[in-house]
Amino acid sequence: MNKIEILKRLYKDYTHKFIYKISLSIFFSLIIAASTSAIAWLLDPAIKKIFIEKDTSLILIIPAAIVAAFTFKGISLYMAKTIMIKVAQEVRKILQLDIMTYAINADTEEINKKHSGKFISHITFDVDRIKILVSTVILNIFKDSLTLIGLLGVMFYQNWRLALFAIIMIPLASIAARSLGKRMGKVSTQTQERAGTLTSYLLEVFKNHKIIKIFQKENYEISRAENFINLLKEKITKSDIILVRASPIMETLTGIMIAGLIFYSGNLIMSDDLDINNFFSFLAAMMLAYQPVRSLATLNIAINDGIAAAKRILPVIDKKNSIVEKLNSNELKLNKGNIIFKDVKFNYIKNENRVLDSINLNINGGEMTALVGHSGAGKSTILNLIPRFYDADSGYITIDDQSIYDLKISSLRSNISLVNQETTLFDDTVKNNIAYAIENPNDEEITEVTKLSYCDEFIKKLPQGIDTVIGENGVRLSGGEKQRLSIARAMLKKSKIILLDEATSSLDAETETKIQEAINYLTKNRTTLVIAHRLSTIINSNKIYVVDNGKIIDEGNHETLLKDSIIYKNFYEKQIKKN
Ligand code: ADP
């Protein structure tokens, strides 16, 4: 996208709907321009009538007019800016919501590819830059150029020759500011990238704080942090200095301008081509013009910043999901809940070694089917394909003879529960974490599942019971408690199909038994596909598939596999040792 396209797009999607408010603030800009020009113009009659002609009739009127002009200017500035502050915040809201919507809806693949720090930088820094572009910049363009036009009018009215002289100076000032803007644009993009990296790094420190402590890498991480911060510091210092660099240039230019003005106007006065009252009014207009000229000349910094930010954000917002449903997709009609995989091939990254190679599964409805195999064999990948977190490259998957790719995604997912190994919880109350499964659950339902999942035991001990907030990802709960909570959540969903990624971490015997019972209850008469690590789960499964290197190498039940599959036998013996 080029600059013009980006600006058009920003206007269409983010500014257009506020056009009435913006027009109102432009109307106030007109009043600002008129009153500023009036202030400069009033000096002419003030000096002429009061100081030179000593006209007593105007001694009150002109000062009153000046107060009125300033008051109008002040009120209009307040109004114009307040309106634009509101518009700016609306634009920020829409942009942030767009990014959040993208992040929430994005394909698993996209989320895995992108670092969360990048999103944070989009939603904070980038959004801010665009907000400034579509609000402050718009206001300033109108306010400052209208004011400048008004003041130039006064200058020409007072003395056209002097006005021409002053106009020559304006491009000089803006050339200096323009080159400044170009350099700023580059540096500020780099600054934003660096800031994003620092945020990502901070998130990593939070996530890995135990690892940092156990390997005693605090000093190493602090020096890494210092590196990140130093790089950021350098960029920010550079961009701040570039901004200040304008000052000496602008001040010198102003000096030259005033000197030239005194020289030239002195000559005009001496040859009686200029009166002193016109001169002062002209001077006032010129000085008042300084601010809008400077502001207009440096606007391109904010414009470039905003465009650069939009270049980063818009592609993210526009990103289309590749996991989509077909036009005439159907509701899933569940019968027994049989799931079939037929010659399913899959790769996370195209043209690399196959992660899944011709997988054939026949998962009977209402039964428990286990996937066993070494880590990295492809078990989680198989699980991920059923709720369409990823789509198979070829082959098909059916549930009760309906291809999952012909179903409405909402219908497919509403019939599947997922209990993850890394029990994922929200920083909310226990109750809300369980209730997340369905809309408007009633208290009886929640009480029932907390009992069946053995959650009630630990909930009782929590300070605010079921209304206790459990902290980010449930830090205030033990591993076993978290597992039970996620089982309760799945129980509440009452879906026919259960995908279970058993935790590998071993728990004490009592907790283990409780979790086992909770899982037994959860999976009773449901179609369950479990990545099994616990011996009891494996033995109790109706069917077992042995996965190795992306292929199903054996299938059967515990007894038949012990006899027929060497790999399974080895695997089983290792599990016995572990237990
Ligand atoms: P398992 O569950 O049996 O331990 P996985 O299904 O998680 O195995 O992984 C199978 C293979 O796919 C592994 O080689 C792993 O490195 C690769 N893999 C898993 N997730 C991704 C991903 N998001 N991107 C790329 N490769 C992946």
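Modeller: A charge sits over a ring if NZ of Lys or CZ of Arg is within 6 Å of the ring centre and within 35 degrees of the ring normal. This is a predicted model, in which local features need pLDDT of at least 70, side-chain atom pairs count only at pLDDT 80 or more, and totals for chains, interfaces and linings use all residues. Residues are numbered from 1 along each chain as its sequence is written, and side-chain values use heavy atoms, with hydrogens and water left out.

Colleague: Which residue lies over the face of Tyr-220?

Modeller: The distance to the ring centre of Tyr-220 is 5.1 Å. The residue over that face is Lys-217.

Colleague: Which backbone atoms lie 2.9 Å from an oxygen atom of the ligand?

Modeller: A polar contact is a pair of N or O atoms within 3.5 Å; within protein, one must be able to donate a hydrogen and the other to accept it, and residues adjacent in sequence count only if both atoms are side-chain atoms. For Gly-376, a backbone N or O atom is 2.6 Å from a ligand oxygen. At 2.9 Å there is a polar backbone atom of Gly-378, and likewise one of Lys-379.

Colleague: Is Tyr-201 buried or exposed?

Modeller: Buried means under 20% relative accessible area, exposed over 50%, and partly exposed in between (1.4 Å probe, protein chains only). Phe-228 has 22% and counts as partly exposed. Tyr-201 has 6%, so Tyr-201 is buried.
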